[in-house]
Amino acid sequence: MSSDDTHDAPESPAVTDRREAVREKALQVHTRQSRARIARRSGLGLLAVGAVATAAVMVTMTVSGATSQPQLQPATSSRDGFVVADVVTGSIATDIEAQAEAPAEPAESTEAAEPAEGLPAPTATAQPPVEIRVYVDYLSAGAREWQLANSQQLTSWVDDGAVTLSYYPVAMLTAKSNGTKYSLRAASAAACVATHSPDAFYAFNNELLTRQPDVDTDGFSDTQLADMALASGVDSTKVIRECIESGSYAAWAKAATERAVAGIPDTDGLSLTGTPMVLVNGKQYIGDLADPAEFSQFVLTTASDAYYRSAPTPTPTPTPAS
């Protein structure tokens, strides 16, 4: 047999089987590697999609939480103001040492001035109580001056039932406290006390005005404001401290200020341009802030005008025929 015949001879079955086995094994390895690559790519894709989806959910929750969270409204407010329920001023506001710590002193004429004649208490036949509304920024020197001058006669009028007295905390001077937003924080603190301990509101309001910090200073911290509230005789001390220190009513105070600047209800087109703004039966007092007698006269005159406008006109008696 020649060499050519040897090369042309068919392979043995054993060789063919081994070759097929190797080919099959290689195919299996390739298939596994391909599947592994696909799985890795799919896993990475799913992780990326999951990360994007998670981020989207977090953003949605944050945005919806910020927009859907209701703004806290003081439960005791009426047209953004708080009616004085009790005119006891508390221990700090009447303390001589505390008043000495205040940066400014009231004018000498204010200390010596005596209130004018008191208002008559309402009766079934007399006029209803006079409505006094006071818009205050707790960083306003004028608001402090007016409060110091008139607190004594205001107390007397409220005790006698001759007036209804309401304070409207606003934040006109938020930018005047080195970035601490003191006006806004103080107004929020006042709303906390008025909401959770209304009987102590007048004392705390008086304290904020009496111990008023200077403009362009940091003002009191939230912790100090809470301490002042507790010293004014509030109830629910833990609730009020948390309310003040968390600024629960800061958003409300800002919105209330904007509403007052846009227009004050139940007035002849008045809007808030500065504080204090004192309204008596809807009429603005523009007299001397430091003169309680002048303010008392304005209240008496306004009350008399209201009484005569509301008094029924007597029916004329017919003249008997002659």
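In these legends, helices are DSSP runs of H or I with at least four residues, numbered from the N terminus. The model shown is predicted.

**Figure 1. Arg 79 meets Glu 131 in a salt bridge.** Here the N to O distance is 3.0 Å. Arg 79 belongs to the loop between helix 2 (13-68) and strand 1 (82-83), while Glu 131 lies in strand 2 (residues 130-136), so this pair ties together parts that are 52 residues apart in sequence. Glu 131 has a relative accessible area of 24%, which makes it partly exposed.

**Figure 2. Arg 79 also forms a salt bridge with Asp 266.** The closest N and O atoms are 2.1 Å apart. Because Asp 266 lies in the loop between helix 11 (250-262) and strand 4 (277-280), and Arg 79 in the loop between helix 2 and strand 1, the pair links parts 187 residues apart in sequence. Arg 79 is partly exposed at 34% relative accessible area, whereas Asp 266, at 57%, is exposed.

**Figure 3. Shared partners build one salt-bridge network.** Look for Arg 79, Glu 131, Arg 133 and Asp 266, which are joined by salt bridges that share partners. The structure holds nine salt bridges.

Definitions and conventions
Residues are numbered from 1 along each chain as its sequence is written. This is a predicted model: local features need pLDDT of at least 70, side-chain atom pairs count only at pLDDT 80 or more; totals for chains, interfaces and linings use all residues. Side-chain values use heavy atoms; hydrogens and water are left out. A salt bridge is a side-chain nitrogen of Lys or Arg within 4 Å of a carboxyl oxygen of Asp or Glu. Helices (H or I, at least four residues) and strands (E, at least two) are DSSP runs, numbered from the N terminus. Buried means under 20% relative accessible area, exposed over 50%, partly exposed in between (1.4 Å probe, protein chains only).
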